[in-house]
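This report describes the architecture of one protein chain for a reader who wishes to follow the packing on screen. Please keep the sequence and the model in view while reading.

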Amino acid sequence: MNSLPVITAVDGSDHSLKALEWALDAARRRNAELLVVHIRADYVKALPLPGALPVMPPVDEVPVLAAVRESFEGRTGLPPVRYSTVDGSPASALIELADEAQLLVLGSRGRGGFASLLLGSVSRACTARAACPVVVVPHAARTEAVEAAGTFGRVALGLAPEETADAAVEFAFEEAQRRSAGLQVVTTYPVPFSTLALMGGYTDAVGTPESPRVEKSLAEAQDERLRAFTGRYADVAVEKVVTAADAAGRLVVASQTADLLVVGRHRRRVNADSFLVGSAANAVLLHAQCPVAVVPA
């Protein structure tokens, strides 16, 4: 059992409340505490004097947290829940809190986000810099069709055999095991742009004359990469997919029939403050139709 909590942030928006429900389930599956955090971004600006010490009000006097606590009354099967208020920049505060968390769960946008934005700045910053895995739960408009179908009993993993870190692969297998779900491992290789354009870029393409050789080599690399994990997680049924396709597009397709999509965070960052996530992971965060877990190396 991991003693660190699952953390989620609430601001009263529908997006954050949707993430809260996902975080509740995640904490229950992990037998972990859930820490519900409300970030008061404007509080520091309102301090009357430079250097004045902030005075935290009781949780019941913070309307957002009080509403969450009230919504839990009478519900059964909840994990242990703790509440906290934090003052400062939401992104910076959550990244700092993630140092002492096993999982950070966020909505794709917050109360302050423009409706036209597909991914909020806080979620983007946390997926790029948090020390723990970050799950971004997409807003209702993007998931409506998928949620109507119920759960699929599947976790999907985007795997580049020579690049994806062990942490991402481990996370995907653990999640599949917790959910008694299958694991679909998707590995793609590039094809000419004209082929992607013809096929729409989101489905498996027809490939090139080199495709059979490339697919065989990638399938062998995928098998080798997964061997240690399939041995440890023998109860997880693994479906291996190797195909000619745009990586991001193929993972978005996988998200249409998955309960969770797992991707690794880009490891080649210019500096510690970089917001680089990786082109495929970033595209998936923008368009996936199920929650996305971004796992740091």
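## Basis and overall make-up

The structure is a predicted model, in which local features need pLDDT of at least 70 and side-chain atom pairs count only at pLDDT 80 or more, while totals for chains, interfaces and linings use all residues. Residues are numbered from 1 along each chain as its sequence is written, and side-chain values use heavy atoms, with hydrogens and water left out.

The protein contains ten helices and ten strands; helices (H or I, at least four residues) and strands (E, at least two) are DSSP runs, numbered from the N terminus. Of its 297 residues, 47% count as buried. Buried here means under 20% relative accessible area, exposed means over 50%, and partly exposed lies in between (1.4 Å probe, protein chains only). Among contacts (heavy atoms within 4.5 Å) with a separation of 6 or more, 80% join residues 24 or more positions apart.

## Nonpolar cores

A nonpolar core is a set of buried Ala, Val, Leu, Ile, Met, Phe, Trp, Tyr and Cys residues joined through side-chain atoms within 4.5 Å. The largest such core has 41 residues, and V105, L183 and V262 have the most contacts inside it. Helix 1 (residues 14-30) gives the most to this core, with seven residues. A second, separate core of 35 residues includes I7, A9, A93 and V134.

With residues up to four places away in sequence not counted, V262 touches V155, A156, L157, G158, A168, F171, A172, A293 and V295.

## Helix 9 and its surroundings

Helix 9 is largely enclosed by the rest of the structure, because seven of its nine residues are buried. These are A248, G249, R250, L251, V252, A254 and S255. The buried residues of helix 9 pack against strand 6 (154-158), strand 7 (182-189), strand 8 (238-244), strand 9 (260-264) and helix 10.

Helix 9 (residues 247-255) and helix 10 (residues 279-287) pack at an angle of about 35°, with their axes 9 Å apart. Axes are lines fitted to C-alpha atoms, for helices over the stretch in contact, and angles run from 0 to 180 degrees between N-to-C directions. Helix 9 passes helix 10 in a right-handed crossing, a term for the near helix being turned clockwise from the far one by less than a right angle. A247, A248, L251 and V252 in helix 9 meet A280, A283, V284 and H287 in helix 10. The residues of this contact comprise seven nonpolar, one polar and no charged. In this division Ala, Val, Leu, Ile, Met, Phe, Trp, Tyr, Cys and Pro count as nonpolar, Asp, Glu, Lys and Arg as charged, and the others, Gly among them, as polar.

## Helix 6 and helix 8

Helix 6 (residues 166-178) and helix 8 (residues 211-232) also pack at an angle of about 35°, and their axes are 11 Å apart. Helix 6 passes helix 8 in a right-handed crossing. From helix 6, D166, V169, E170 and F173 meet R225, L226, F229, T230 and R232 of helix 8. The contact of helix 6 with helix 8 involves four nonpolar, one polar and four charged residues.

## Two buried strand residues

H38 lies in strand 2 (residues 34-40) and counts as buried, at 13% relative accessibility. A polar atom of the H38 side chain lies 3.0 Å from the backbone oxygen of V10. Beyond its neighbours within four places in sequence, H38 is in contact with V10, D11, V62, V64, L65, S84, T85 and V86.

Y189 is found in strand 7 and is buried, at 6% relative accessibility. Neighbours within four places aside, Y189 is in contact with S211, V214, E215, L218, T243, A244 and A245. The C-alpha atoms of Y189 and A245 are separated by 6.1 Å, although the two are 56 residues apart along the chain.

## Loop residues with positive phi

Most residues other than glycine have a negative phi. N31, in the loop between helix 1 and strand 2, has a positive phi of about 55° although it is not a glycine. N31 counts as exposed, at 52% relative accessibility.

S180 lies in the loop between helix 6 and strand 7. S180 is not a glycine, yet has a positive phi of about 50°, and S180 is exposed, with a relative accessible area of 69%.

Note on methods: Polar contact = N/O pair within 3.5 Å; in protein donor to acceptor, adjacent residues only side chain to side chain.
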